[in-house]
Amino acid sequence: MADTAVRPKATDAARAHQAVADAPKLDIPLVTDRLLGTWADIRRTAREMIKDSAFWRIDGQTHHEHRERVFSQLGLLVQHGAISRAFPTEYGGQNNNGGNLASFEELVLADPSLQIKAGVQWGLFTSAIYQLGTKKHWDKWLRGAISLEIPGAFAMTETGHGSDVAAIGTTATYDAETEEFVIHTPFRGAWKDYLGNAAVHGKAATVFAQLITGGVNYGVHCFFVPIRDENGEFLPGVGGEDDGVKGGLNGIDNGRLHFTQVRVPRENLLNRYGDVAADGSYSSPIASPGRRFFTMLGALVQGRVSLDGAATNASALALNIAVTYGNQRRQFAGASGAESVLLDYGKHQRRLLPRLATTYAQAFAHDELLQKFDAVFGGTNDTEESREDLETLAAALKSLSTWHALDTIQEAREACGGAGFLAENRLVSLRADLDVYVTFEGDNNVLLQLVGKRLLGDYAKQFKGKDSKEIAAFVVGQTAGKVFHGAGLRQFGQAVADLGQVARSVELGLRAKDQHELLTARVQRMVADVAGRLRAASKLGPEAAEALFNENQSELLEAARAHAELLQWEAFTDAVAAIDDPGTKQILGWLRDLFGLGLIEKHLSWHLMHGRLSNQRAIALTRYIDRLCLRLRPHAQDLVDAFGFAPEHVRAPIASGAEQQRQQEAAAHYAELAASGEAPIKEKKPAKERKPGKR
């Protein structure tokens, strides 16, 4: 459970206990409000709803049983009115896009399968009808999709094409004589795959296909296609397979669909961004095929936004379990004979507290993302630029939060030892269910490439309209900066200012403004370096330019990741600045510092190689992080309690107080034994100290 090599020293324990008396106090309800964010009341309503055990996962069910339970839970969500907030009031909604996602993200606490199944039905299938269709489609299908009368699949991904949606093989060819589209999958790789609701429950699907009319392919469009009759049998021309048991999320009936010359009326084209007249002529409000395609996909960005929030909730749940257990589980007796709780060990603090800091950063960044999403889809700030910003931000944050969830849940599992491996304590099932989040709604590496390209585009705009002299001056400035930071001048300045003292290094170089400068400069430098290497691409042929881009792809993805980390740090900093309570502000400031300095330590080699940190300051960095962990240790339980989870949300016996009771029982047993005088003597105790008759 804990490594004896990292046993806390008595002086450390004394300092920690003294710190409890002197330390600032965390206002837990205040922090809970801030973590729950803009739609805190709606989140609380959702959490109150899922206290009902009818929403909980039952371990040990077959995947067939699990699927039926989750489908019945969708019906309960409808009964509670929990899924219609995003839709117009005319169709029973509230026009509350941010609140709708906030509520939806909380379902991960009940069962991730329920969260994703609900996302398929209402976040993808129903939203495709609403976001890509027009009023005639809403009047025809929207109420049925909202009420679950029409369970549906979102048929975008194909066996042969996942993230590369533009290259899908399914076709929708218009027949002007019958005014119908013919949906067809011409080869096995074009089968729609991994689709929730496809294997069992779906009666219809929103099918993405290449729209062909008059012999011209106008690119990917979406069609409403019935797939099953009232008896659950496939309709003529529609076929499919069950994906079967998966590595997780087995409460969702993922499956495959294929279409053989399936005809649907012309009106089944969801035609908000592209339409075909009766005579077969095509029209669109967006002339550019590329922009039209990305606008259609951007209309469905809520999937990435919600995954960011759900992954953050899952990380918070895992840390709640692991920190609570670590505050109660004792292991290895010290000089006093008393065993230490796990969280008193420095290594245990290092395992959990930096991940806790990251989870806080993600929660604050996610609320900002949710606000942007609500502004775009609620219409208060719906511009082409704001939609592009939203898509970039969602891609960046979803990538980091879903990767973080896997890392955090696994570390929490290990930190709980064998108890963490028991299914009843939820960590193993949570890890399995969250695994696919990193490839849901786009593989994370592909999403970071999207972010990286946006960063390059913004960087290139600095040159737009500038003459050759201005560009030359800019380039010289960049070169000078690189020489300044790489030739030792910056290192020398730091070494003088630090005066060779670690404490001064911390004081002068690791405060909030220094963290921001280091994180920002890293993004700028990485983007500038990649842009500089790619500048020659415009003079090369297509193949050579592509090869050059591939050579720099890894660096571009790292720049995108650094950009997302910076956004999280800034959101955390804004949240700390908004706190008035002094004690809470102090503690959250430490936690923000732990997050920021952890990012710098994570990329320490880069900062050293580029002359951004002196060796002295680098040494101080790791020591200061250890000090921060020790400083935050007395507040660890308060920080996880501030996530606001009730026992019905956690449902892990090791975080229920049972471990505390076991420890108290053990302590009482040994105390009673010692008091009785019947306790056995330690083998190494001197013989003269043994009582007569004791061996």
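Predicted model: local features only at pLDDT ≥ 70, side-chain atom pairs only at ≥ 80, totals over all residues.

Student: Which ring does R522 lie over?

Tutor: The distance to the ring centre is 5.4 Å, and the cut-off is within 6 Å. R522 lies over the face of W606.

Student: And how far is the charged end of R188 from the centre of the ring it sits over?

Tutor: The ring here belongs to W191. From its centre to the charged end of R188 is 4.0 Å.

Student: How many aromatic pairs does the structure hold?

Tutor: Rings of Phe, Tyr and Trp pair if their centres lie within 6.5 Å. By that rule the count is 18.

Student: What kind of pair do F154 and F208 form?

Tutor: Their centres are 5.1 Å apart, with 65° between the planes. Planes over 60 degrees apart count as edge-to-face, so the F154 and F208 pair is edge-to-face.

Student: How many residues apart are they?

Tutor: F154 is in strand β1 and F208 in strand β5. The pair links distant parts of the chain, 54 residues apart.

Student: Is C416 buried or exposed?

Tutor: Buried means under 20% relative accessible area. C416 has 0% relative accessibility, so C416 counts as buried.

Student: How many disulfides are there?

Tutor: A disulfide needs a pair of cysteine sulfur atoms within 2.5 Å. By this rule the count comes to zero.

Terms used
Residues numbered from 1 in each chain as written. Heavy atoms only, no water. Buried < 20%, exposed > 50% of the residue type's maximum accessible area, 1.4 Å probe, protein only. Phe/Tyr/Trp six-rings, centres within 6.5 Å; stacked < 30°, edge-to-face > 60°. Helix = DSSP H or I, 4+ residues; strand = E, 2+ residues; numbered from the N terminus. Lys NZ or Arg CZ within 6 Å of the ring centre and 35° of its normal.
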